[in-house]
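Dear colleague,

I am passing on the structure below, together with some notes on what came out of it. Please read the notes with the structure open beside them.

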Amino acid sequence: MRALSDVGEVQFLDTTLRDGEQAPGVSLTPDDKADIARSLDAAGIDVIEAGSACTGPGERETISRVAGLDLDGTVTSFCRGIRSDIDLALECDVDGVNLVVPASDKHVEQKVGTSKAENVDTTVELVEYATDHGLWVEVIGEDGSRADLDYLEELLGAAVEAGADRICWADTVGHATPDRALECVSRLSDLGPVSTHTHDDLGLAVTNALVSIAAGADLVHGTINGIGERAGNVALEEVAIALDHGYGVESMDLTEVYDLAQLIANRTGIPLAPNKAVVGENAFTHESGIHTDGTLKDDSMYEPYPPEKVGRERRLALGKHAGRAGVQAALDENDVEVTEDQLSEIVSRVKEIGDRGKRVTDADLLTIADEVTGDARDRRVELLGLTAVSGSDTPTASVRLTVDGEERKEAAVGSGPVDAAMNAAEAALSHTADATLEDYHVDAITGGTDALVTVEIEMSRGDDHVVVSASDSDITRASVRAMVDAMDRLVADDDDPLVADD
Ligand SMILES: CC(C)C(=O)C(=O)O
């Protein structure tokens, strides 16, 4: 076993486009795969497994497209231990293959229905065939962590002798403990270059990847966000930060991981857990008073490494655990001056909102501050009335509001009552100022059909943008109120008249 700090550099193979896509419900389009492959390459991933050529003609077309992107990294196709799979990979013009052969008794005898000796012979033939065709070859012993280690050594040793570029220890069902990973990879690394492929069924994928490296592996298989079969593969961004932060070992470009994580979450439809290491929404967000206070005194008080390292920013959030320092910092950011007594009142109101299970947005804070300081602004945009109708006919809505005292009324249709009402509000406000709805998000705070919903919207106007939320048991009302409030905030400091001369 070597010290990780002596390792220097580790390569990554990203299998988001193959094992990641095997996650239930995920199906990536050719454009998705091409975009993800480009981004992985830009982030310095060494090997990109683009898919399984045997899946079908559509997948082959996509793999060929990725192979033709002229990427810096090696592009491979996954192949089962059959010659026709290698032929299909060759049709896609990939640089190499990840050739999977059974390794455990279960996989050799029950799944594939062959003998261990025959399995070794077949593997040798396939490696020779693939290398004769100019392919880079990695041989993966499937279910390697449950295999008899002497046999795994014999099988993968034969693959190396036949010309395989590298071999891979696969913890296919995420069964291995760190000592098993150490034992297996240490033995295999005496045979030639070794990769490690770990799954997270026991929550040990990162640990086992790190132990594998200490045991001699120099290439880690994984996916961004850790997506993959069952509990997923090891999350490459987690291995990368652990290597960098813990041991000064280089791998992928860390500043790219957040954008990559977002891209993959969007394209796969698998959202990121807010508490996910490195790329989760909360990974650099501080809410509790004690942590916010400490962070304001020293950025690193409650962070192992600065967010910029992984392409992110620090956020101080307001909620039920907010303290004076955090609220004061948020007020300072919005240029709001308050006395000590006013600050105490604002903090307790923020906590009250938090106690009701709500997030406290900037707009909420400013409204509270207005009320507490007695500076309540004169509204320029105000909602007077809203009617929305839906049924078997096209949903319609009408909105009545005032802009600088002038009444405006618009009606619109939409795909549903919320859409119709938002379209009507937008039409009524379009005479006023050129603002754009950037984001719309709904949360049910309570359960049941009478649930209180909070609509949070983000709107921008030129360089200004605001996030405003409104809660109501009627989602249409909450949506339009949030939009009108956002517009009112955006124009609050505009000295120009908002009413057109028409
Ligand atoms: C590497 C391959 C066979 C795999 O996905 C696994 O073993 O989990």
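The area buried between domain 1 and domain 2 is about 630 Å², with 62% of it given by carbon and sulfur atoms; buried area here is the accessible area (1.4 Å probe) that two parts lose on being put together, summed over both. This is a predicted model, in which local features need pLDDT of at least 70 and side-chain atom pairs count only at pLDDT 80 or more, while totals for chains, interfaces and linings use all residues. Residues are numbered from 1 along each chain as its sequence is written, and side-chain values use heavy atoms, with hydrogens and water left out.

Of the area that domain 1 buries against domain 2, Ile241, His245 and Tyr258 supply 61%, more than any other three residues. The domain assignment divides the chain into domain 1 (11-268), domain 2 (285-373) and domain 3 (381-491), the bounds coming from an automatic or database domain assignment. The centres of domain 1 and domain 2, taken over C-alpha atoms, are 44 Å apart, and seven residues of domain 1 are in contact with seven residues of domain 2, where contact means heavy atoms within 4.5 Å.

Between these two domains there is one salt bridge, a term that stands for a side-chain nitrogen of Lys or Arg within 4 Å of a carboxyl oxygen of Asp or Glu. Lysine 309 forms a salt bridge with aspartate 244, and their closest N and O atoms are 2.8 Å apart. On the side of domain 1 that touches domain 2, helix H10 (236-247) and helix H11 (257-268) each supply at least two residues, helices being DSSP runs of H or I, at least four residues long, numbered from the N terminus. H10 gives the largest share of that side, three residues.

A side-chain N or O atom of arginine 18 is 3.1 Å from an oxygen atom of the ligand, and for aspartate 19 the corresponding distance is 3.0 Å. A polar side-chain atom of histidine 197 also lies 3.1 Å from a ligand oxygen atom.

The count of salt bridges comes to 33. Glutamate 21 forms a salt bridge with lysine 33, with the closest N and O atoms 3.2 Å apart; glutamate 21 sits in the loop between helix H1 (16-20) and helix H2 (30-42), and lysine 33 in helix H2, twelve residues apart.

With best wishes

Methods. Polar contact = N/O pair within 3.5 Å; in protein donor to acceptor, adjacent residues only side chain to side chain.
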